[in-house]
Amino acid sequence: MTARPPAPSMAVRHILHACLGSFIAALGLIADRQTLLPLLGALTALAFAIEALRFALPDMNAWLTDRFGPLVKAHERRAVSGATYLVLSALLVFALFDARIAALAVAYTAWGDPLASIVGGRAGHWRWRDKSMEGAFAFLVGGAAAGLLLGPLGANISLAARLLGAAAAAVIELLSLRLDDNITAPAGSATVMALVVALESGA
């Protein structure tokens, strides 16, 4: 049976996810560290405050999920949303890594995750748990494209480091680790890129 295309609401969710991550990645390359980290910290605190409120106030949670329900995955009605995790992971990678590496790591997930979901849902046949090999390949392609596009903005690490970082993010997303992949994929990708850059610098 042919897989059905994603619903319009999920397409909007994918676009918003890509736009949020791309904005953070670009901002990280433009803004200085003293401005960026407090801003991301405030955004993360606000996101978690909203999450805490909706869990503490069932009526508020019901109102939010009624209004934005089509954009929310089923498990997110009672759990932290992917967008909140993405903002948190951006704060972590920009705090721990060079801005060029952090921006790429965020952009890989911003572009790769929606593409993996779309391709996996439409053409995913080779399955690994709830993910597909086709989706992982789409993640890799989307991540590699994001890395190339961010180059002119200042994410000018080597092509090898960028491609290995995109591949690491795609593999982590495919493995479906227990933590949300909006955290694990950027963190793992940034770690791989940092190691490659360090090895290249020492060569």
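Okay, let's start with Arg162, which sits in helix H7, residues 159–175. Helices here are DSSP runs of H or I, at least four residues, numbered from the N terminus.

A quick word on the source: this is a predicted model, where local features need pLDDT of at least 70, side-chain atom pairs count only at pLDDT 80 or more, and totals for chains, interfaces and linings use all residues. Residues are numbered from 1 along each chain as its sequence is written, and side-chain values use heavy atoms, leaving out hydrogens and water.

So, what's going on with Arg162? Arg162 is buried yet has no salt bridge. Buried means under 20% relative accessible area, exposed is over 50%, and partly exposed is in between, with a 1.4 Å probe and protein chains only. A salt bridge is a side-chain nitrogen of Lys or Arg within 4 Å of a carboxyl oxygen of Asp or Glu. For Arg162, the nearest side chain of opposite charge is Glu200, 9.2 Å away. (Lys and Arg count as positive, Asp and Glu as negative; His and the chain ends aren't counted.)

And how many salt bridges do we get by that rule? Two. One joins the side chains of Arg54 and Glu51, at 2.7 Å, N to O. They're three residues apart in helix H2, so about one helical turn separates them. Arg54 counts as buried because its relative accessibility is 9%, and Glu51 is buried too, at 4%.

The other pairs Asp98 with Arg100, closest N and O atoms 3.0 Å apart. Here Asp98 is partly exposed at 36%, and Arg100 is partly exposed at 28%.

Conventions
Helices (H or I, at least four residues) and strands (E, at least two) are DSSP runs, numbered from the N terminus.
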